[in-house]
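Here is a short report on a ligand site and a helix pair. Keep the structure open while reading.

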Amino acid sequence: MSIATTLTQAPVKVHEDKCIAEKGCTVCVDVCPLDVLAIDLVKKKAFMQFDECWYCLPCETDCPTGAVEVSIPYLLR
Amino acid sequence: MKRIDMEFDLVVIGGGTGGPMAAVKAKEKNPGLKVLLIDKAHVKRSGAISMGMDGLNNAVIPGHATPEQYVKEITIANDGIVDQEAVMAYAANSFDMIQELDRWGVKFEKDETGDYAVRKVHHLGSYVLPMPEGHHMKKILYRQLKRARVEITNRVVVTRLLTGTNGEVTGVMGFDCRTADFYVIRCKAAVITTGAAGRIGLPASGYLMGTYENPTNSGDGHAMAYHAGAALANLECFQINPLIKDYNGPACAYVTGPFGGYTANGKGERFIECDYWSGQMMLEFYRELQSGNGPVFLKLDHLAEETISEIEHILHTNERPSRGRFHEKRGNDYRRQMIEMHISEIGFCSGHSASGIWTNARGETSVPGLYAAGDCASVPHNYMLGAFVYGRICGHNAAEYCSTVADKAIDEGAVAAEQARVSAPLQRSEGLTPFQIEYKTRRLVNDYLQPPKITRKYEIGLRRFDEVREDAQAMVATNPHELMRAMEAMSIIDCAEMAARSSMFRTESRWGLYHYCVDHPERNDADWFCHTLLSKGADGRMAMTKKAVEPYVVPIDDDERDAYQRLRVERKAEAA
Ligand SMILES: Cc1cc2nc3c(=O)[nH]c(=O)nc-3n(C[C@H](O)[C@H](O)[C@H](O)COP(=O)(O)OP(=O)(O)OC[C@H]3O[C@@H](n4cnc5c(N)ncnc54)[C@H](O)[C@@H]3O)c2cc1C
Ligand code: SF4
Ligand code: SF4
């Protein structure tokens with residue numbers, strides 16, 4: 001199969017200066033119902049791995065440091 | 001794919017709303033029982049009530065409503081096609097469940113005297129109880145799960161049930177959406193609480209996950225019940241909701257109605273008497289759009305400032321809290337603009353409508369040892385409280401059933417076949433992506449199945465679903481997450497076909513827009529005052545049958561029968 005690279009604007013932004021994934025936090029990854037967040041193993045920060053967000057907000061609400069910011073996905077904004 | 005074997009007495013599939021209740025109640029009934037609650041997401045934040053709920057839509061509270069009144073209301077709202085005994089089992093247990101939730105710490109709105117502050121939204125009676133602090137719902141359920149010592153497995157997608165020689169449940173199969181480990185769980189009974197099938201139609205935005213329902217609810221439960229031999233009821237009675245345009249979430253007229261908000265046309269005029277979601281209401285909504293009087297709006301801009309701030313507090317902190325964020329970007333302020341609404345794509349959901357895995361008043365499906373509760377089961381208009389009440393009914397009855405059956409061996413042939421089916425997309429390197437298969441199926445659903453229903457279009461739709469089903473044999477998943485989407489796409493194709501076959505079977509129109517057939521525009525009680533059941537026929541294909549409506553336990557008078565047919569606001573002819 002072929003891989004086509006397409007740029008996109010992901011609805012979930014993690015402010016890396018605030019994210020404490022390197023201390024073992026995985027809260028946002030744990031709570032996301034759609035399992036679209038992950039920890040970047042090199043950077044040790046959370047990020048949006050799949051653009052499949054329901055804009056439901058548990059990730060943002062439950063993050064202990066306020067590092068997650070969810071926007072309404074562009075297509076429906 | 002590593003295989004993991006487990007053994008429980010009871011497996012509850014889906015840990016959203018009804019599932020946790022079923023698991024807790026089964027343990028309460030028999031603390032010795034081994035109970036597993038399994039979810040494709042994380043039970044802490046899964047399901048329709050992931051962020052809580054802003055109210056009970058169907059509370060039956062003494063002094064405000066009686067169970068008989070409620071049964072009557074739901075019977076009329078469903079054009080008579082209900083199993084009243086099953087609706088009564090909900091209504092009679094509704095208040096007891098509210099009191100239990102109250103003891104568990106759920107905060108309901110009360111008046112100065114400490115009585116529940118029930119509001120009127122339905123056409124006839126009063127059943128809506130606000131929960132302005134309802135965002136803690138999942139935390140409260142989680143505490144009860146821990147207390148009852150229910151075992152929990154998160155991130156496992158259940159795909160199929162195993163059945164024994166008499167068709168009874170003997171196990172549950174699924175896979176981990178992070179590791180792709182394959183789970184084989186032997187059990188005596190199972191409860192399906194997988195919620196609505198909310199990903200059948202495609203939202204107009206084109207964003208696959210921009211659905212009304214939590215997109216985890218992709219109809220897997222409907223599909224696994226079908227493949228296990230269970231019957232599904234009245235699937236042609238679609239769920240179609242009036243939602244905030246593009247955002248696709250509730251606006252929400254149930255919350256705002258009691259404060260004086262209402263649904264209005266483009267001129268700001270009220271055109272329906274009642275904002276309670278019913279097929280008839282949706283048909284009036286549809287007609288207003290067709291008549292050129294649209295768009296349709298939720299009108300709040302006439303309300304006082306303190307009322308609007310209270311509405312904002314409820315709607316923007318609860319249930320779908322990103323509503324506020326959406327409005328802000330659009331420049332919508334309830335004080336100044338009406339909120340544009342539209343008609344959603346189709347789904348299956350008994351919580352709001354009336355279709356799903358067939359169950360009786362005991363929560364039993366047509367498969368021995370299999371129970372179902374909540375949005376995926378067939379008891380109509382159940383909403384959140386119905387998921388709790390039927391969760392409890394299923395938990396109790398499944399626990400009792402477990403003590404009457406012996407352990408059974410599982411069918412290793414069926415296990416091998418399912419493992420091969422599930423693992424196939426991971427082994428392919430050429431083909432189509434789950435996204436492509438899902439998008440195409442859902443686009444075809446919009447093109448051919450969205451009401452008004454036209455036979456010729458349905459025939460084309462069915463043919464095209466067959467093609468996509470064939471194409472889906474070439475789906476590729478490059479990781480366990482994509483495998484989850486691939487398996488969901490298979491459930492979505494099954495649900496799309498079920499929606500089409502059920503709709504074509506019932507050759508009349510009923511339930512307003514939900515089953516509005518252009519080729520059979522009239523309601524035909526002589527031939528169709530019955531349920532329809534879909535199940536797997538002997539040839540392995542979908543088969544349809546009629547089922548008589550069970551004798552009523554609450555009689556309906558002739559003049560009450562059509563109350564929901566008279567929702568349109570009558571306009572007096574203006575004097576010249
Ligand atoms: C936006 C919105 C607003 C609503 N507002 C109200 C309201 O104000 N008042 C009210 O009374 N009701 C309301 N409802 C309805 C109410 O929330 C639902 O009827 C009720 O929560 C359904 O419960 P459930 O247990 O059937 O499904 P859910 O709570 O959705 O749970 C289904 C669970 O199954 C899991 N699952 C799905 N497939 C699989 C699988 N293959 N394997 C494992 N797990 C799986 C999901 O992850 C999920 O946790 C609303 C619903 C929505 C979506
Ligand atoms: S919850 Fe917050 S701090 Fe924790 S991993 Fe996610 S973004 Fe980082
Ligand atoms: S908003 Fe919801 S779906 Fe989106 S990343 Fe956060 S938890 Fe996941």
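Which polar backbone atom is 3.0 Å from a nitrogen atom of ligand 1? The atom belongs to B:Val158.

## Basis

This is a predicted model, where local features need pLDDT of at least 70, side-chain atom pairs count only at pLDDT 80 or more, and totals for chains, interfaces and linings use all residues. Residues are numbered from 1 along each chain as written, chains are lettered from A and ligands numbered from 1 in written order, and side-chain values use heavy atoms, without hydrogens and water.

## Ligand 1

Polar contacts are pairs of N or O atoms within 3.5 Å. A side-chain N or O atom of B:Asn57 lies 3.2 Å from a nitrogen atom of ligand 1. B:Gly18 uses a backbone N or O atom, 2.8 Å from a ligand oxygen atom. The protein buries 99% of the 1000 Å² that ligand 1 exposes when taken alone (Shrake-Rupley method, 1.4 Å probe).

The shell holds 37 residues, each with a heavy atom within 4 Å of the ligand. B:Thr17, B:Asp39, B:Gly55, B:Asp220 and B:Asp375 come nearest.

## Helices H5 and H14

In chain B, helix H5 (residues 220–227) packs against helix H14 (residues 480–505). Helices are DSSP runs (H or I, at least four residues), numbered from the N terminus. The angle is about 70°, and the axes are 8 Å apart. Axes are lines fitted to C-alpha atoms over the stretch in contact, with angles from 0 to 180 degrees between N-to-C directions. H5(B) and H14(B) are therefore roughly perpendicular (65 to 115 degrees).

Contact means heavy atoms within 4.5 Å. From H5(B), the residues include B:Asp220 and B:Tyr226; from H14(B), they include B:Glu488 and B:Met498.

Conventions:
Polar contact = N/O pair within 3.5 Å; in protein donor to acceptor, adjacent residues only side chain to side chain. Helix = DSSP H or I, 4+ residues; strand = E, 2+ residues; numbered from the N terminus. Parallel < 35°, antiparallel > 145°, perpendicular 65-115°, else oblique.
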